[in-house]
Amino acid sequence: MFSVVINHYSGGGYAPHLAAASIFSAALSVREPLVKEVLLVDGSLSPDPMLQNYVQNMGCQYLHAGRRLSFAEGYNLGASQASQEWVVLCASDVFPSLGCYGAISDFLSKINVDTVGCIIPRLTSSDLPYQKSRFFSRYTCTVPIMTLNFNVFKRSYLQSIGGVPVEYSGNYNDIELSIKIHDDRRRIYMLPIRCVHYGSLTLQTGGSNVSAERDRATFAARHPNLVDYGSMWDLRVASLMKPGLLPLLLYVSKISPTRHSRSIITRWILRLVPLLSAITM
């Protein structure tokens with residue numbers, strides 16, 4: 001049912017902690033009967049024979065393109081090789097919970113799958129306030145935007161929207177995908193599944209080539225109508241929400257005296273998303 005793509009990258013040579021994280025993430029997925037294949041994409045400049053041997057002995061596929069890959073290119077390479085109906089894009093520092101795939105499969109059996117743009121879990125650490133597992137964690141809900149950490153797409157739909165946008169080095173790829181999903185009148189569902197996220201492991205210790213400033217400028221040039229300086233990520237989040245209390249609260253937050261205080265207030269408001277956008281099954 002699921003093809004899992006794990007995005008591995010090491011820009012600073014041999015890094016055993018990054019390899020170990022990728023191996024553990026792959027091991028948690030490959031043990032699950034609902035997962036039919038695990039593809040570990042190594043976006044590093046050179047292949048890692050030790051990592052390759054280890055994951056292949058576990059029954060996973062190891063993919064290397066012969067060159068360094070960007071964040072998006074790594075995911076897209078894996079997704080292009082996936083064979084199953086549902087593709088999971090998984091960061092190398094995200095570790096799925098033991099019941100994760102069963103819960104996703106059960107959810108898919110109860111809804112119209114044509115409404116699915118993406119499915120995300122709760123995470124122990126997330127840049128999105130409402131995705132953190134301690135805030136209203138028992139609710140299944142729809143959310144305005146997602147992060148690219150653990151994301152479930154129907155393979156045919158992901159292909160139809162062009163995969164992960166390659167215009168960005170590692171920021172705003174997920175926002176761009178969120179916009180496409182909303183434009184297609186599909187939904188981003190967040191399930192009450194708790195996955196462990198060792199936040200920013202590759203970004204902080206892997207010699208990442210991600211540039212936040214360049215990505216922010218690219219996004220602003222592509223979507224000037226969605227830029228709202230002082231909001232979270234300078235993004236007009238309310239424009240990706242249905243009318244209601246949440247966008248009203250975000251609008252009121254503009255009266256904050258400083259950009260910093262407004263950003264803090266915005267994050268607190270967004271913690272209410274699971275409560276105010278919950279769905280019943």
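Me: Does Ser25 count as buried or exposed?
Reply: This is a predicted model, in which local features need pLDDT of at least 70 and side-chain atom pairs count only at pLDDT 80 or more, while totals for chains, interfaces and linings use all residues. Residues are numbered from 1 along each chain as its sequence is written, and side-chain values use heavy atoms, with hydrogens and water left out. Buried means under 20% relative accessible area, exposed over 50%, and partly exposed in between (1.4 Å probe, protein chains only). Ser25 has 0% relative accessibility, so the residue counts as buried.

Me: Which residues is Ser25 in contact with, leaving aside its neighbours within four places in sequence?
Reply: Ser25 has its place in helix H1 (residues 16-30); helices (H or I, at least four residues) and strands (E, at least two) are DSSP runs, numbered from the N terminus. Contact means heavy atoms within 4.5 Å. With neighbours within four places in sequence left aside, the contacts of Ser25 are Ile6, Cys90, Ala91, Ser92, Val94, Phe95 and Pro96.

Me: What distance separates the C-alpha atoms of Ile193 and Arg122?
Reply: Ile193 belongs to strand S9 (residues 187-197) and is buried, with a relative accessible area of 7%. Residues up to four places away in sequence not counted, Ile193 touches Ser97, Cys100, Ala103, Ile104, Pro121 and Arg122. Arg122 lies 71 residues from Ile193 along the chain, yet the separation of their C-alpha atoms is 5.5 Å.

Me: What distance separates the C-alpha atoms of Ser25 and Ala65?
Reply: Ser25 sits in helix H1. Ala65 is 40 residues from Ser25 along the chain, and their C-alpha atoms are separated by 21 Å.

Me: Which residue in S3 is the bridge partner of Val41?
Reply: Strand S2 (residues 35-42) is mostly covered, with 7 of its 8 residues buried. Two strands pair if DSSP finds at least two bridges between them. Strand S1 (residues 2-8) runs parallel to S2, joined by 7 bridges, and Val5 stands opposite Leu39 in S2. Strand S3 (residues 61-63) also runs parallel to S2, through 3 bridges, and there the partner of Val41 is Leu63.

Me: Which elements are included in what covers the buried residues of H6?
Reply: Helix H6 (residues 173-183) is mostly covered, as 8 of its 11 residues are buried. Those buried are Asn173, Asp174, Ile175, Glu176, Leu177, Ser178, Ile179 and Ile181. Their cover includes helix H3 (71-81), strand S6 (116-123), strand S8 (150-154), helix H5 (155-160), S9 and helix H8 (212-222).

Me: Which residue just after H6 takes a positive phi?
Reply: H6 spans residues 173-183. Just after H6, a positive phi of about 60 degrees is taken by Arg185.

Me: What is the radius of gyration of the protein?
Reply: The protein contains 11 helices and 9 strands. The globule rule, 2.2 Å times the number of residues to the power 0.38, is set against a radius taken over C-alpha atoms. For 281 residues the rule gives 19 Å; the protein comes close to this value, so it is as compact as a globular protein of that length, with a radius of gyration of 18 Å.

Me: What share of the contacts with a separation of 6 or more comes from residues 24 or more positions apart?
Reply: Buried residues make up 52% of the 281 residues in the protein. Among contacts with a separation of 6 or more, the share from residues 24 or more positions apart is 76%.
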